[in-house]
Amino acid sequence: MKIMIASDIHGSAYYLKQLLERFHTERPDKLLLLGDILYHGPRNDLPEGYAPKEAIDLLNGMKEDILCVRGNCDTDVDQMVLEFPILADYCILYEQGHMIFATHGHIHNTSAPPMLKAGDILLHGHTHVPASEEFGGRYYLNPGSVAIPKGGSEHGYMMLEDGVFIWKNLNGKAYRRFDLQSGTCNV
């Protein structure tokens, strides 16, 4: 299965449109959203093209293709307008014998990890900074942010296929790669 992974759209229809253009080009089986879909939050400036109602229409138009977990800025009101489930705190995926614990990152993170065994992956957004690092024999991966990147990173997403995670900017240029079988990351 080929999965596009993205986080922290924060209501930017401008950047969401770019992500969805990449979705149609990359042709993944699913889009996994790691939370913070519609609201920008009180700590962030408004992202460029902030238009949550437009973002709602764009996402609802492809609801069958979306998996989603709840971010700290996502609420029951957001669920009322989005036609796919967004309120789960996490989801579990399996890739080549490794468990992937996908969450937003405000509850489960490297400081407060879920129960993971060696080789498992903690996948989350929330920080708006792309990451790939080992912690205690497990791996932490973060796609960064679609709309409000931080730490000098680019607007971007991640692709997962055949045990390989690839970070890309919204132009589709790959800039990082993590191979699950070897546990190696190339930047």
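**Exercises on aromatic pairs and a sheet**

Phe101 counts as buried because its relative accessibility is 6%, where buried means under 20% relative accessible area, exposed over 50% and partly exposed in between (1.4 Å probe, protein chains only). The model is predicted, so that local features need pLDDT of at least 70 and side-chain atom pairs count only at pLDDT 80 or more, while totals for chains, interfaces and linings use all residues. Residues are numbered from 1 along each chain as its sequence is written, and side-chain values use heavy atoms, with hydrogens and water left out.

**Exercise 1.** Classify the ring pair of Tyr90 and Phe101.

*Solution.* Rings of Phe, Tyr and Trp (its six-membered ring) pair if their centres lie within 6.5 Å, and planes under 30 degrees apart count as stacked, over 60 as edge-to-face and the rest as tilted. By this rule there are four aromatic pairs. The centres of Tyr90 and Phe101 are 4.6 Å apart and their planes stand at 20°, so this pair is stacked. Tyr90 lies in strand E4 and Phe101 in strand E5 (residues 98–103), so the pair ties together parts eleven residues apart in sequence; strands are DSSP runs (E, at least two residues), numbered from the N terminus.

**Exercise 2.** Locate Tyr139.

*Solution.* Tyr139 in E8 stands opposite Ile121. Strands E6 (residues 121–124) and E8 (residues 138–142) pair in the parallel sense over three bridges, where pairing requires that DSSP finds at least two bridges between two strands.

Methods
Helices (H or I, at least four residues) and strands (E, at least two) are DSSP runs, numbered from the N terminus.
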